[in-house]
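Hello,

Here is the structure you asked about. Please open it next to this email and follow along.

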Amino acid sequence: MKKDYDIIVVGAGCAGSYYARRMAEHGYNVLIIDKSKRENISNDYDIFHFTRKEMEQFGLPMVHEGDGIFCFEYDTVSFFSPYGNYAKSGNSDSTIGMHKCEYIQLLNDWAVEAGAEILYEAEFKECVYENDKIIGVKFEQNGDEFDVSCRLCADCSGKKAVVRRSLPDNYGIEKFELTEKDVFFVKLRYIKFDEPIEKWLTSHNWMFYKAWLSPSDDSADAILGMGSCVSYKIGDKIFETLMKNLKLPSFKTVKIECGTTPYHRAIYSFVSDGFIAMGDAASLTRPNNGEGCAANLVLADVAVDIISEVMENGSYPTREKIWSVNKEYNKKQGAVFAFMLSALAKAMQHSIGADEYMYKHDIFFTQPILCGNGKSLSISADEIFNMIKYIFSGMASKELPAGELGEMLGGALKGVKVGLHYALYPKTPDKFDNWVKRADKLWKKAGQMSDYFINKQGEKS
Ligand SMILES: Cc1cc2nc3c(=O)[nH]c(=O)nc-3n(C[C@H](O)[C@H](O)[C@H](O)COP(=O)(O)OP(=O)(O)OC[C@H]3O[C@@H](n4cnc5c(N)ncnc54)[C@H](O)[C@@H]3O)c2cc1C
(Lines give C-alpha, C1' and ligand atoms only; values in the text may rest on other atoms or scores of the structure.)
Protein backbone atom coordinates (compact mmCIF):
# COMPACT_ATOMS: atom_id res chain seq x y z
CA MET A 1 0.00 0.00 0.00
CA LYS A 2 1.21 3.47 -0.93
CA LYS A 3 0.62 6.55 1.26
CA ASP A 4 -0.81 8.74 -1.50
CA TYR A 5 -3.69 7.97 -3.82
CA ASP A 6 -5.77 10.00 -6.22
CA ILE A 7 -8.94 8.26 -5.13
CA ILE A 8 -9.98 6.19 -2.14
CA VAL A 9 -13.13 4.16 -2.61
CA VAL A 10 -14.83 3.04 0.59
CA GLY A 11 -16.73 -0.18 -0.11
CA ALA A 12 -15.94 -2.93 -2.61
CA GLY A 13 -19.53 -3.80 -3.59
CA CYS A 14 -20.95 -3.28 -7.04
CA ALA A 15 -20.77 0.53 -6.91
CA GLY A 16 -17.22 0.71 -5.51
CA SER A 17 -15.72 -1.96 -7.78
CA TYR A 18 -17.20 -0.44 -10.93
CA TYR A 19 -16.13 3.13 -10.12
CA ALA A 20 -12.64 1.97 -9.10
CA ARG A 21 -12.20 0.00 -12.32
CA ARG A 22 -13.26 2.89 -14.53
CA MET A 23 -11.09 5.51 -12.74
CA ALA A 24 -8.10 3.12 -12.78
CA GLU A 25 -8.63 2.70 -16.53
CA HIS A 26 -8.25 6.49 -16.79
CA GLY A 27 -4.84 6.14 -15.16
CA TYR A 28 -5.69 7.24 -11.61
CA ASN A 29 -4.17 5.63 -8.50
CA VAL A 30 -7.15 4.05 -6.80
CA LEU A 31 -7.33 2.31 -3.42
CA ILE A 32 -10.47 0.40 -2.42
CA ILE A 33 -10.98 -0.43 1.25
CA ASP A 34 -13.65 -2.82 2.51
CA LYS A 35 -14.30 -3.90 6.06
CA SER A 36 -15.32 -7.43 4.97
CA LYS A 37 -13.08 -10.40 4.38
CA ARG A 38 -12.81 -11.25 0.70
CA GLU A 39 -14.67 -14.55 1.22
CA ASN A 40 -17.62 -12.69 2.83
CA ILE A 41 -17.84 -9.77 0.44
CA SER A 42 -21.45 -8.90 -0.48
CA ASN A 43 -22.81 -12.14 0.97
CA ASP A 44 -25.85 -10.54 2.64
CA TYR A 45 -28.04 -12.55 0.22
CA ASP A 46 -27.20 -15.13 -2.41
CA ILE A 47 -28.65 -14.48 -5.88
CA PHE A 48 -29.04 -11.15 -7.67
CA HIS A 49 -29.50 -10.28 -11.28
CA PHE A 50 -28.64 -7.94 -14.12
CA THR A 51 -30.15 -7.94 -17.58
CA ARG A 52 -27.80 -9.16 -20.31
CA LYS A 53 -28.28 -5.78 -22.01
CA GLU A 54 -27.11 -3.89 -18.88
CA MET A 55 -24.04 -6.11 -18.55
CA GLU A 56 -23.16 -5.37 -22.17
CA GLN A 57 -23.98 -1.63 -21.88
CA PHE A 58 -21.62 -1.21 -18.90
CA GLY A 59 -19.00 -3.62 -20.23
CA LEU A 60 -19.25 -5.85 -17.14
CA PRO A 61 -17.52 -9.23 -17.05
CA MET A 62 -19.88 -11.87 -18.48
CA VAL A 63 -20.71 -15.13 -16.70
CA HIS A 64 -21.38 -18.56 -18.17
CA GLU A 65 -23.07 -21.77 -17.19
CA GLY A 66 -20.82 -23.93 -14.98
CA ASP A 67 -18.49 -21.10 -13.84
CA GLY A 68 -19.78 -21.20 -10.24
CA ILE A 69 -21.32 -17.70 -10.59
CA PHE A 70 -24.04 -18.11 -13.23
CA CYS A 71 -27.36 -19.41 -11.87
CA PHE A 72 -29.94 -18.97 -14.65
CA GLU A 73 -31.09 -16.85 -17.57
CA TYR A 74 -34.70 -16.14 -18.58
CA ASP A 75 -36.53 -13.78 -20.89
CA THR A 76 -40.23 -14.40 -20.24
CA VAL A 77 -42.03 -12.17 -17.78
CA SER A 78 -45.67 -12.27 -16.71
CA PHE A 79 -47.65 -9.87 -14.57
CA PHE A 80 -50.82 -11.03 -12.83
CA SER A 81 -53.83 -9.33 -11.30
CA PRO A 82 -54.26 -9.80 -7.52
CA TYR A 83 -56.53 -12.86 -7.86
CA GLY A 84 -54.46 -14.18 -10.76
CA ASN A 85 -57.44 -13.91 -13.14
CA TYR A 86 -55.70 -11.67 -15.70
CA ALA A 87 -52.16 -12.02 -16.98
CA LYS A 88 -49.95 -9.93 -19.24
CA SER A 89 -46.94 -11.82 -20.57
CA GLY A 90 -44.13 -11.08 -22.94
CA ASN A 91 -40.49 -11.47 -23.80
CA SER A 92 -38.29 -8.92 -22.07
CA ASP A 93 -34.53 -8.35 -22.04
CA SER A 94 -32.77 -11.52 -20.96
CA THR A 95 -32.18 -11.53 -17.20
CA ILE A 96 -29.13 -13.29 -15.76
CA GLY A 97 -29.15 -14.54 -12.15
CA MET A 98 -25.77 -14.79 -10.42
CA HIS A 99 -24.29 -15.65 -7.02
CA LYS A 100 -23.66 -12.16 -5.69
CA CYS A 101 -20.64 -12.81 -3.43
CA GLU A 102 -18.79 -14.62 -6.24
CA TYR A 103 -19.70 -12.00 -8.83
CA ILE A 104 -18.57 -9.11 -6.61
CA GLN A 105 -15.26 -10.95 -6.05
CA LEU A 106 -14.97 -11.09 -9.84
CA LEU A 107 -15.67 -7.32 -10.02
CA ASN A 108 -13.02 -6.72 -7.33
CA ASP A 109 -10.48 -8.61 -9.44
CA TRP A 110 -11.64 -6.73 -12.53
CA ALA A 111 -10.87 -3.42 -10.76
CA VAL A 112 -7.46 -4.73 -9.65
CA GLU A 113 -6.72 -5.90 -13.20
CA ALA A 114 -7.06 -2.25 -14.33
CA GLY A 115 -4.57 -1.10 -11.66
CA ALA A 116 -6.69 -0.42 -8.54
CA GLU A 117 -5.46 -1.75 -5.18
CA ILE A 118 -7.83 -3.38 -2.74
CA LEU A 119 -7.59 -3.96 1.01
CA TYR A 120 -10.04 -6.26 2.77
CA GLU A 121 -10.82 -6.11 6.52
CA ALA A 122 -9.97 -2.40 6.29
CA GLU A 123 -12.61 -0.32 8.07
CA PHE A 124 -13.16 3.37 7.31
CA LYS A 125 -12.88 5.56 10.43
CA GLU A 126 -12.96 9.18 9.29
CA CYS A 127 -11.86 11.61 6.61
CA VAL A 128 -8.81 13.80 7.03
CA TYR A 129 -9.30 17.51 6.22
CA GLU A 130 -7.09 20.48 5.40
CA ASN A 131 -8.65 23.94 5.05
CA ASP A 132 -12.03 22.22 5.57
CA LYS A 133 -11.57 20.00 2.50
CA ILE A 134 -11.08 16.23 2.37
CA ILE A 135 -7.44 15.33 1.74
CA GLY A 136 -7.32 11.77 3.02
CA VAL A 137 -8.87 8.90 4.93
CA LYS A 138 -8.13 7.10 8.20
CA PHE A 139 -8.91 3.41 8.36
CA GLU A 140 -8.21 0.46 10.62
CA GLN A 141 -6.92 -2.94 9.58
CA ASN A 142 -6.02 -5.78 11.96
CA GLY A 143 -5.98 -3.36 14.90
CA ASP A 144 -3.63 -0.88 13.21
CA GLU A 145 -4.65 2.58 12.14
CA PHE A 146 -3.61 3.96 8.74
CA ASP A 147 -3.67 7.45 7.29
CA VAL A 148 -3.65 7.72 3.50
CA SER A 149 -4.02 10.82 1.39
CA CYS A 150 -6.29 11.26 -1.61
CA ARG A 151 -7.87 13.98 -3.71
CA LEU A 152 -11.26 12.27 -3.83
CA CYS A 153 -13.04 9.94 -1.44
CA ALA A 154 -15.91 7.93 -2.96
CA ASP A 155 -18.50 6.69 -0.48
CA CYS A 156 -19.66 3.34 -1.84
CA SER A 157 -20.23 1.84 1.60
CA GLY A 158 -23.84 0.80 1.03
CA LYS A 159 -26.91 1.93 2.89
CA LYS A 160 -25.02 2.77 6.11
CA ALA A 161 -23.22 5.51 4.10
CA VAL A 162 -20.36 5.64 6.60
CA VAL A 163 -18.41 8.42 4.90
CA ARG A 164 -21.38 10.61 3.94
CA ARG A 165 -22.74 10.41 7.48
CA SER A 166 -19.37 11.30 9.02
CA LEU A 167 -18.94 14.57 7.08
CA PRO A 168 -19.13 17.93 8.87
CA ASP A 169 -22.67 19.41 8.93
CA ASN A 170 -21.71 22.24 6.60
CA TYR A 171 -20.07 20.06 3.94
CA GLY A 172 -23.00 20.42 1.52
CA ILE A 173 -24.03 16.77 1.71
CA GLU A 174 -27.15 15.43 3.44
CA LYS A 175 -26.35 13.19 6.38
CA PHE A 176 -29.71 11.46 6.88
CA GLU A 177 -29.86 7.87 8.03
CA LEU A 178 -32.42 5.53 6.48
CA THR A 179 -35.19 4.56 8.91
CA GLU A 180 -37.67 1.70 8.56
CA LYS A 181 -39.90 4.13 6.57
CA ASP A 182 -37.17 4.57 3.96
CA VAL A 183 -36.32 0.98 3.04
CA PHE A 184 -37.99 -2.03 1.46
CA PHE A 185 -37.96 -5.15 3.62
CA VAL A 186 -37.22 -7.93 1.15
CA LYS A 187 -37.84 -11.58 2.00
CA LEU A 188 -36.72 -14.28 -0.42
CA ARG A 189 -38.27 -17.72 0.07
CA TYR A 190 -36.37 -20.42 -1.79
CA ILE A 191 -39.06 -23.01 -2.53
CA LYS A 192 -39.40 -26.56 -3.84
CA PHE A 193 -42.70 -27.52 -5.49
CA ASP A 194 -44.32 -30.71 -4.20
CA GLU A 195 -44.90 -31.91 -7.78
CA PRO A 196 -41.59 -32.12 -9.68
CA ILE A 197 -41.26 -29.45 -12.38
CA GLU A 198 -38.95 -28.68 -15.26
CA LYS A 199 -36.41 -25.95 -14.32
CA TRP A 200 -38.46 -22.81 -13.53
CA LEU A 201 -37.32 -20.24 -16.09
CA THR A 202 -39.84 -17.42 -16.10
CA SER A 203 -40.60 -14.46 -13.88
CA HIS A 204 -44.12 -14.14 -12.43
CA ASN A 205 -45.00 -10.83 -10.80
CA TRP A 206 -47.89 -9.72 -8.63
CA MET A 207 -47.36 -5.99 -8.30
CA PHE A 208 -50.32 -5.56 -5.97
CA TYR A 209 -48.45 -7.56 -3.29
CA LYS A 210 -44.96 -6.49 -4.49
CA ALA A 211 -44.26 -10.19 -4.92
CA TRP A 212 -42.56 -12.23 -7.61
CA LEU A 213 -41.62 -15.81 -8.42
CA SER A 214 -38.38 -16.15 -10.32
CA PRO A 215 -35.82 -18.89 -11.05
CA SER A 216 -33.27 -20.09 -8.49
CA ASP A 217 -30.01 -22.01 -8.53
CA ASP A 218 -30.04 -25.81 -8.10
CA SER A 219 -30.78 -25.56 -4.35
CA ALA A 220 -34.47 -24.81 -5.05
CA ASP A 221 -37.07 -24.80 -7.84
CA ALA A 222 -37.80 -21.06 -7.61
CA ILE A 223 -37.51 -17.98 -5.42
CA LEU A 224 -40.72 -16.46 -4.11
CA GLY A 225 -39.75 -12.90 -3.27
CA MET A 226 -41.64 -10.12 -1.59
CA GLY A 227 -40.80 -6.53 -0.76
CA SER A 228 -42.75 -4.65 1.85
CA CYS A 229 -42.75 -1.23 3.41
CA VAL A 230 -42.07 -0.60 7.10
CA SER A 231 -41.41 -4.14 8.43
CA TYR A 232 -41.10 -7.85 7.64
CA LYS A 233 -44.20 -8.33 9.81
CA ILE A 234 -46.31 -6.26 7.41
CA GLY A 235 -44.78 -8.24 4.53
CA ASP A 236 -45.74 -11.52 6.22
CA LYS A 237 -49.33 -10.32 6.59
CA ILE A 238 -49.49 -9.41 2.89
CA PHE A 239 -47.87 -12.77 2.09
CA GLU A 240 -50.75 -14.55 3.87
CA THR A 241 -53.25 -12.63 1.71
CA LEU A 242 -51.28 -13.54 -1.41
CA MET A 243 -51.32 -17.23 -0.49
CA LYS A 244 -55.06 -17.05 0.16
CA ASN A 245 -55.89 -15.24 -3.08
CA LEU A 246 -53.64 -17.13 -5.50
CA LYS A 247 -53.69 -20.78 -6.30
CA LEU A 248 -49.98 -21.50 -6.46
CA PRO A 249 -48.90 -25.14 -6.79
CA SER A 250 -48.08 -26.48 -3.29
CA PHE A 251 -44.48 -26.07 -2.18
CA LYS A 252 -42.05 -26.31 0.72
CA THR A 253 -39.78 -23.44 1.74
CA VAL A 254 -36.19 -24.69 1.94
CA LYS A 255 -34.41 -21.43 2.79
CA ILE A 256 -35.32 -17.83 3.65
CA GLU A 257 -33.13 -14.75 3.12
CA CYS A 258 -34.01 -11.27 4.37
CA GLY A 259 -32.50 -7.89 3.60
CA THR A 260 -33.40 -4.25 3.21
CA THR A 261 -32.86 -1.99 0.23
CA PRO A 262 -33.15 1.83 0.21
CA TYR A 263 -36.55 3.16 -0.81
CA HIS A 264 -35.98 6.88 -0.43
CA ARG A 265 -35.19 9.66 -2.87
CA ALA A 266 -31.48 9.90 -3.74
CA ILE A 267 -29.47 12.54 -1.89
CA TYR A 268 -29.94 15.98 -3.45
CA SER A 269 -26.24 16.49 -4.17
CA PHE A 270 -23.88 13.56 -4.77
CA VAL A 271 -20.73 15.67 -4.69
CA SER A 272 -18.77 18.07 -2.54
CA ASP A 273 -15.10 19.04 -2.12
CA GLY A 274 -13.09 15.88 -2.80
CA PHE A 275 -16.18 13.75 -2.25
CA ILE A 276 -18.79 11.71 -4.09
CA ALA A 277 -21.45 9.28 -2.82
CA MET A 278 -22.74 6.49 -5.03
CA GLY A 279 -24.91 3.38 -4.88
CA ASP A 280 -26.92 2.62 -1.75
CA ALA A 281 -24.79 5.20 0.11
CA ALA A 282 -26.51 7.82 -2.07
CA SER A 283 -29.86 6.03 -1.70
CA LEU A 284 -29.94 5.36 -5.41
CA THR A 285 -32.24 2.44 -6.21
CA ARG A 286 -34.90 1.82 -8.85
CA PRO A 287 -38.27 3.08 -7.58
CA ASN A 288 -40.22 0.24 -9.22
CA ASN A 289 -38.34 -2.61 -7.53
CA GLY A 290 -35.67 -1.33 -5.13
CA GLU A 291 -32.80 -2.73 -7.23
CA GLY A 292 -29.62 -0.69 -7.05
CA CYS A 293 -26.82 -2.32 -9.00
CA ALA A 294 -27.46 -1.28 -12.60
CA ALA A 295 -29.19 1.96 -11.56
CA ASN A 296 -26.02 3.10 -9.83
CA LEU A 297 -23.79 2.43 -12.82
CA VAL A 298 -25.60 5.21 -14.70
CA LEU A 299 -24.42 7.71 -12.04
CA ALA A 300 -20.97 6.11 -11.97
CA ASP A 301 -20.53 6.59 -15.74
CA VAL A 302 -21.51 10.28 -15.48
CA ALA A 303 -19.10 10.69 -12.55
CA VAL A 304 -16.21 8.97 -14.35
CA ASP A 305 -16.56 11.18 -17.44
CA ILE A 306 -16.66 14.43 -15.48
CA ILE A 307 -14.31 13.71 -12.57
CA SER A 308 -11.60 12.04 -14.64
CA GLU A 309 -11.34 15.22 -16.71
CA VAL A 310 -11.42 17.56 -13.68
CA MET A 311 -8.67 15.64 -11.84
CA GLU A 312 -6.26 15.64 -14.76
CA ASN A 313 -2.86 17.26 -14.09
CA GLY A 314 -3.19 16.93 -10.32
CA SER A 315 -6.21 19.27 -9.90
CA TYR A 316 -8.31 19.01 -6.77
CA PRO A 317 -11.97 18.14 -7.50
CA THR A 318 -13.80 20.94 -5.71
CA ARG A 319 -17.58 20.99 -5.31
CA GLU A 320 -17.88 23.64 -8.03
CA LYS A 321 -15.68 21.77 -10.50
CA ILE A 322 -17.55 18.46 -10.22
CA TRP A 323 -21.04 19.92 -9.69
CA SER A 324 -22.07 18.95 -13.24
CA VAL A 325 -22.22 15.31 -12.05
CA ASN A 326 -25.45 16.32 -10.28
CA LYS A 327 -26.80 18.20 -13.27
CA GLU A 328 -25.99 15.54 -15.86
CA TYR A 329 -27.32 12.67 -13.75
CA ASN A 330 -30.53 14.45 -12.75
CA LYS A 331 -31.28 15.51 -16.31
CA LYS A 332 -31.62 11.84 -17.21
CA GLN A 333 -32.14 8.99 -14.78
CA GLY A 334 -32.53 11.30 -11.76
CA ALA A 335 -35.62 13.01 -13.18
CA VAL A 336 -37.20 9.71 -14.25
CA PHE A 337 -36.57 8.08 -10.86
CA ALA A 338 -37.92 11.14 -9.03
CA PHE A 339 -41.09 11.00 -11.15
CA MET A 340 -41.51 7.26 -10.54
CA LEU A 341 -40.85 7.39 -6.79
CA SER A 342 -43.30 10.22 -6.32
CA ALA A 343 -46.03 8.79 -8.58
CA LEU A 344 -45.75 5.27 -7.13
CA ALA A 345 -46.27 6.57 -3.58
CA LYS A 346 -49.96 6.91 -4.44
CA ALA A 347 -50.31 4.58 -7.42
CA MET A 348 -49.68 1.50 -5.28
CA GLN A 349 -52.42 2.36 -2.79
CA HIS A 350 -55.55 1.27 -4.62
CA SER A 351 -57.81 -1.58 -3.57
CA ILE A 352 -57.72 -5.16 -4.80
CA GLY A 353 -60.97 -4.70 -6.75
CA ALA A 354 -59.69 -1.64 -8.59
CA ASP A 355 -56.45 -3.46 -9.46
CA GLU A 356 -58.34 -6.48 -10.80
CA TYR A 357 -60.57 -4.18 -12.89
CA MET A 358 -57.59 -2.31 -14.35
CA TYR A 359 -55.86 -5.55 -15.37
CA LYS A 360 -59.08 -6.82 -16.93
CA HIS A 361 -59.66 -3.70 -19.05
CA ASP A 362 -56.05 -2.75 -19.85
CA ILE A 363 -56.13 0.47 -17.84
CA PHE A 364 -52.49 1.40 -17.14
CA PHE A 365 -51.59 -2.29 -16.58
CA THR A 366 -51.13 -3.12 -20.23
CA GLN A 367 -48.84 -5.71 -21.77
CA PRO A 368 -46.43 -3.17 -23.36
CA ILE A 369 -46.17 -1.08 -20.17
CA LEU A 370 -45.61 -4.06 -17.87
CA CYS A 371 -43.55 -6.35 -20.08
CA GLY A 372 -41.81 -3.83 -22.37
CA ASN A 373 -38.77 -3.58 -20.06
CA GLY A 374 -37.50 -0.36 -21.56
CA LYS A 375 -38.45 -1.15 -25.15
CA SER A 376 -40.09 1.77 -26.93
CA LEU A 377 -43.69 2.07 -25.93
CA SER A 378 -46.45 2.97 -28.34
CA ILE A 379 -50.11 3.11 -27.41
CA SER A 380 -52.69 3.32 -30.19
CA ALA A 381 -55.62 5.74 -30.25
CA ASP A 382 -57.97 2.75 -29.92
CA GLU A 383 -56.19 1.59 -26.78
CA ILE A 384 -56.40 5.07 -25.23
CA PHE A 385 -60.08 5.30 -26.20
CA ASN A 386 -60.78 1.93 -24.56
CA MET A 387 -58.88 2.96 -21.44
CA ILE A 388 -61.02 6.09 -21.08
CA LYS A 389 -64.22 4.18 -21.86
CA TYR A 390 -63.51 1.60 -19.14
CA ILE A 391 -62.43 4.23 -16.63
CA PHE A 392 -65.86 5.89 -16.99
CA SER A 393 -67.84 2.65 -16.95
CA GLY A 394 -65.76 1.42 -13.97
CA MET A 395 -66.61 4.59 -12.06
CA ALA A 396 -70.31 4.24 -12.99
CA SER A 397 -70.39 0.63 -11.74
CA LYS A 398 -68.19 1.57 -8.72
CA GLU A 399 -65.73 -1.20 -9.66
CA LEU A 400 -63.17 1.59 -10.03
CA PRO A 401 -63.88 4.00 -7.16
CA ALA A 402 -63.56 7.61 -8.33
CA GLY A 403 -61.67 8.51 -5.12
CA GLU A 404 -59.00 5.88 -5.77
CA LEU A 405 -58.65 6.90 -9.39
CA GLY A 406 -58.37 10.54 -8.31
CA GLU A 407 -55.61 9.60 -5.86
CA MET A 408 -53.72 7.74 -8.58
CA LEU A 409 -54.02 10.53 -11.12
CA GLY A 410 -53.15 13.12 -8.45
CA GLY A 411 -50.08 11.03 -7.58
CA ALA A 412 -49.03 10.90 -11.25
CA LEU A 413 -49.41 14.68 -11.51
CA LYS A 414 -47.27 15.21 -8.41
CA GLY A 415 -44.73 12.85 -10.00
CA VAL A 416 -44.63 14.95 -13.14
CA LYS A 417 -43.97 18.09 -11.06
CA VAL A 418 -41.14 16.43 -9.13
CA GLY A 419 -39.65 14.98 -12.33
CA LEU A 420 -39.70 18.37 -14.03
CA HIS A 421 -38.04 19.97 -11.03
CA TYR A 422 -35.19 17.44 -11.25
CA ALA A 423 -34.90 17.97 -15.00
CA LEU A 424 -34.29 21.65 -14.15
CA TYR A 425 -31.56 20.88 -11.61
CA PRO A 426 -29.31 23.96 -11.14
CA LYS A 427 -26.23 24.19 -13.33
CA THR A 428 -24.18 25.78 -10.53
CA PRO A 429 -24.17 25.38 -6.74
CA ASP A 430 -25.30 28.99 -6.07
CA LYS A 431 -28.92 28.17 -7.08
CA PHE A 432 -28.93 24.92 -5.11
CA ASP A 433 -30.49 26.18 -1.85
CA ASN A 434 -33.58 27.50 -3.63
CA TRP A 435 -33.85 24.32 -5.65
CA VAL A 436 -33.72 22.27 -2.42
CA LYS A 437 -36.47 24.36 -0.80
CA ARG A 438 -38.84 23.65 -3.69
CA ALA A 439 -37.80 19.99 -3.85
CA ASP A 440 -38.52 19.58 -0.13
CA LYS A 441 -42.02 21.01 -0.63
CA LEU A 442 -42.74 18.74 -3.60
CA TRP A 443 -41.57 15.59 -1.78
CA LYS A 444 -43.65 16.52 1.26
CA LYS A 445 -46.75 16.78 -0.92
CA ALA A 446 -45.97 13.51 -2.70
CA GLY A 447 -45.58 11.56 0.56
CA GLN A 448 -44.00 8.12 0.75
CA MET A 449 -45.38 4.69 -0.04
CA SER A 450 -44.69 3.69 3.57
CA ASP A 451 -47.14 6.36 4.88
CA TYR A 452 -50.03 4.25 3.61
CA PHE A 453 -48.76 1.08 5.27
CA ILE A 454 -48.21 2.87 8.58
CA ASN A 455 -51.75 4.31 8.44
CA LYS A 456 -53.38 1.04 7.38
CA GLN A 457 -51.07 -1.22 9.42
CA GLY A 458 -50.48 -3.40 6.39
CA GLU A 459 -54.14 -4.13 5.60
CA LYS A 460 -53.94 -4.84 1.89
CA SER A 461 -56.61 -7.34 1.04
C1 LIG B 1 -32.78 -9.27 -0.83
C2 LIG B 1 -32.29 -8.26 -1.82
C3 LIG B 1 -32.24 -8.59 -3.18
C4 LIG B 1 -31.76 -7.65 -4.11
N5 LIG B 1 -31.69 -8.01 -5.43
C6 LIG B 1 -31.16 -7.13 -6.32
C7 LIG B 1 -31.03 -7.50 -7.70
O8 LIG B 1 -31.37 -8.61 -8.12
N9 LIG B 1 -30.51 -6.57 -8.57
C10 LIG B 1 -30.10 -5.34 -8.13
O11 LIG B 1 -29.64 -4.51 -8.94
N12 LIG B 1 -30.22 -4.99 -6.84
C13 LIG B 1 -30.71 -5.84 -5.92
N14 LIG B 1 -30.80 -5.48 -4.60
C15 LIG B 1 -30.24 -4.18 -4.18
C16 LIG B 1 -28.72 -4.27 -4.25
O17 LIG B 1 -28.25 -5.38 -3.49
C18 LIG B 1 -28.05 -3.01 -3.71
O19 LIG B 1 -28.68 -1.86 -4.27
C20 LIG B 1 -26.56 -3.01 -4.11
O21 LIG B 1 -25.92 -4.16 -3.61
C22 LIG B 1 -25.87 -1.77 -3.55
O23 LIG B 1 -24.52 -1.83 -3.92
P24 LIG B 1 -23.45 -0.89 -3.23
O25 LIG B 1 -22.15 -1.22 -3.88
O26 LIG B 1 -23.93 0.51 -3.24
O27 LIG B 1 -23.43 -1.31 -1.70
P28 LIG B 1 -23.07 -2.71 -1.02
O29 LIG B 1 -23.24 -3.83 -1.94
O30 LIG B 1 -23.84 -2.73 0.26
O31 LIG B 1 -21.51 -2.60 -0.71
C32 LIG B 1 -21.03 -1.77 0.32
C33 LIG B 1 -19.68 -2.28 0.78
O34 LIG B 1 -19.16 -1.33 1.72
C35 LIG B 1 -18.51 -2.02 2.76
N36 LIG B 1 -18.46 -1.18 3.96
C37 LIG B 1 -19.49 -0.79 4.76
N38 LIG B 1 -19.04 -0.05 5.80
C39 LIG B 1 -17.69 0.04 5.65
C40 LIG B 1 -16.66 0.66 6.41
N41 LIG B 1 -16.91 1.32 7.55
N42 LIG B 1 -15.39 0.57 5.96
C43 LIG B 1 -15.10 -0.12 4.82
N44 LIG B 1 -16.04 -0.75 4.08
C45 LIG B 1 -17.32 -0.67 4.48
C46 LIG B 1 -19.36 -3.27 2.95
O47 LIG B 1 -18.62 -4.31 3.57
C48 LIG B 1 -19.78 -3.61 1.51
O49 LIG B 1 -18.91 -4.54 0.91
C50 LIG B 1 -31.32 -6.36 -3.67
C51 LIG B 1 -31.37 -6.05 -2.30
C52 LIG B 1 -31.85 -6.98 -1.39
C53 LIG B 1 -31.88 -6.63 0.08
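Strand 4 (residues 70-80) and strand 5 (residues 87-99) pair in the antiparallel sense over nine bridges. Two strands count as paired if DSSP finds at least two bridges between them. Strands (E, at least two residues) and helices (H or I, at least four) are DSSP runs, numbered from the N terminus. Within this pair, Thr 76 stands opposite Asn 91 in strand 5.

A word on the source: this is a predicted model, in which local features need pLDDT of at least 70 and side-chain atom pairs count only at pLDDT 80 or more, while totals for chains, interfaces and linings use all residues. Residues are numbered from 1 along each chain as its sequence is written, and side-chain values use heavy atoms, with hydrogens and water left out.

Both strands belong to an open sheet of eight strands, in the order 3-5-4-12-13-14-11-15, with mixed pairing. Strand 3 (47-51) and strand 15 (251-262) are at its edges; each has a single partner strand, so one side of each is left without a neighbour in the sheet. From one strand to the next, the twist averages 30 degrees. Helix 3 (residues 100-113) lies across strand 3 and strand 5, at about 65 degrees to strand 5. Contact here means heavy atoms within 4.5 Å. Axes are lines fitted to C-alpha atoms, for helices over the stretch in contact, and angles run from 0 to 180 degrees between N-to-C directions.

Strand 2 (residues 30-33) pairs with strand 6 in the parallel sense over three bridges. Ile 33 has Leu 119 of strand 6 as its bridge partner.

Next, the hairpins. Strand 7 (residues 122-130) and strand 8 (residues 133-141) are antiparallel, with eight bridges. Two residues separate them, and Asn 131 in the turn has a positive phi of about 50 degrees. Strand 8 also pairs with strand 9 (residues 144-149), antiparallel over six bridges. That hairpin has two residues between its strands too, and Asn 142 in the turn has a positive phi of about 50 degrees.

Now the ligand. Of the 33 residues around the ligand (a heavy atom within 4 Å), Asp 34, Tyr 45, Phe 124, Asp 280 and Cys 293 come nearest. A polar side-chain atom of Asp 280 lies 2.8 Å from a ligand oxygen atom.

Two last items. Ser 315 is in the loop between helix 5 (293-310) and helix 6 (319-322). Its relative accessible area is 25%, so Ser 315 is partly exposed. The cut-offs are under 20% for buried and over 50% for exposed, with partly exposed in between (1.4 Å probe, protein chains only). Ser 315 touches Arg 151, Val 310 and Lys 321, not counting residues up to four places away in sequence.

Helix 11 (residues 402-423) has 22 residues and should span 32 Å at 1.5 Å a residue; its end C-alpha atoms are 31 Å apart, which agrees. The expected span is 1.5 Å times one less than the number of residues. Its buried residues include Leu 405, Met 408 and Tyr 422.

Best wishes

Key: Polar contact = N/O pair within 3.5 Å; in protein donor to acceptor, adjacent residues only side chain to side chain.
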